[in-house]
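Morning, everyone. Please look at the structure on the screen while I walk through it.

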Amino acid sequence: MDEKEFLAERFEAHRTHLRAVAYRMLGSLSEADDAVQEAWLKLGRSDSSEVENLGGWLTTVVGRVCLDMLRTRASRREDPLDVYVPDPIVSSIDGVDPEHEVLLADSVGLALLVVLETLPPAERLAFVLHDLFAVPFDEIAPIVDRTPTAARQLASRARRRVQGAAPAPERDVTRQREVVDAFLAASRGGDFEALVALLDPDVVLRADTGAMGPGVSKLVRGARAVAGQALMFARFATFARPALVNGVPGVVTAPEGQPVSVMGLTFGDGKIVEIDILADPVRLAWLDLEVLDD
């Protein structure tokens, strides 16, 4: 085995972890892959013989790449989208795909990723690297061009925003599946009051149809308003099937086997407290939904 093959083998041992870091940083699976590939290119241009902790070094590199991507993304958006749903990770209802297990190791739900999208890039990086991956502030500081104390303050601000905005996930999977089944049954049957009963009074629905998608991206609040939205699309409920979305029971709608939306759900006290729908045809085409094939 020559030196390049040895280096590639060492890099591959860290790829899944690096993709998990990048996914939390970017909320995009395709951009996460780009960030990991950029880290590989940077490794190839560096003297790896001087790197004592390759995993830590690569995590730092991916963090820098993601920070640059977030800053570029922010500068490109002259009119930021009011509604943006990050890429969901979809698995069969029977269990999380082994390839997705590391990506979801800390139960990163869509609700958390939605909140992370609202953070300034430096705060997002400090929170993700420290709180989710235990990277010391001494290593985070040079990435954001701050002192370790300032990096700690960035993470602290992000943590407060996350704790205040992201609902604490419910862990009763059996109950979650029952709620999803009841939600689909009520949607198919056009039962408005049954839908309302399954929703938290302050439920939030986000629907991201993308720039090219049909309809308009929207944000809807309140059980009766959200139930009304569900009934507007009741004709598609026949094509809905249960799936795991970021490790939690959710729904994929696929008329004639062609996915048109992925619905991630957040549960609390036995009810649905948040619904995040990705219906952007361009981004859906990038997702690996083969696990749902009959």
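Let's start with the overall make-up. The protein has 11 helices and seven strands. Helices here are DSSP runs of H or I with at least four residues, strands are runs of E with at least two, and both are numbered from the N terminus.

A word on the source. This is a predicted model, where local features need pLDDT of at least 70, side-chain atom pairs count only at pLDDT 80 or more, and totals for chains, interfaces and linings use all residues. Residues are numbered from 1 along each chain as its sequence is written, and side-chain values use heavy atoms, with hydrogens and water left out.

Now the totals. Of the 294 residues, 49% are buried. Buried means under 20% relative accessible area, exposed means over 50%, and partly exposed lies in between, with a 1.4 Å probe and protein chains only. Next, contacts, meaning heavy atoms within 4.5 Å. Take those with a separation of 6 or more: 65% come from residues 24 or more positions apart.

On to helix pairs. Helix α1 covers residues 3-26 and helix α2 covers 29-44; their axes come within 8 Å and cross at roughly 140 degrees. That makes α1 oblique to α2. Axes are lines fitted to C-alpha atoms, for helices over the stretch in contact, and angles run from 0 to 180 degrees between N-to-C directions. Under 35 degrees counts as roughly parallel, over 145 as roughly antiparallel, 65 to 115 as roughly perpendicular, and the rest as oblique.

Which residues meet there? In α1 they include Leu7, Phe11 and Arg15; in α2, Leu29, Val36 and Trp40 are among them. The contact of α1 with α2 divides into 14 nonpolar, no polar and four charged residues. Nonpolar covers Ala, Val, Leu, Ile, Met, Phe, Trp, Tyr, Cys and Pro; charged covers Asp, Glu, Lys and Arg; the others, Gly among them, are polar.

Second pair. Helix α5 (121-132) packs with helix α6 (137-144) at about 155 degrees, axes 10 Å apart. So α5 and α6 are roughly antiparallel. Leu125 and His130 are among the α5 residues in this contact, and α6 brings residues including Phe137.

Last, two loop residues. Most residues other than glycine have a negative phi. Asn246 has a positive one, about 55 degrees. Asn246 sits in the loop between β4 and β5. Asp269 also has a positive phi of about 55 degrees, in the loop between β6 and β7. Buried or exposed? Asn246 is buried, because its relative accessibility is 4%. Asp269 is exposed, at 79%.
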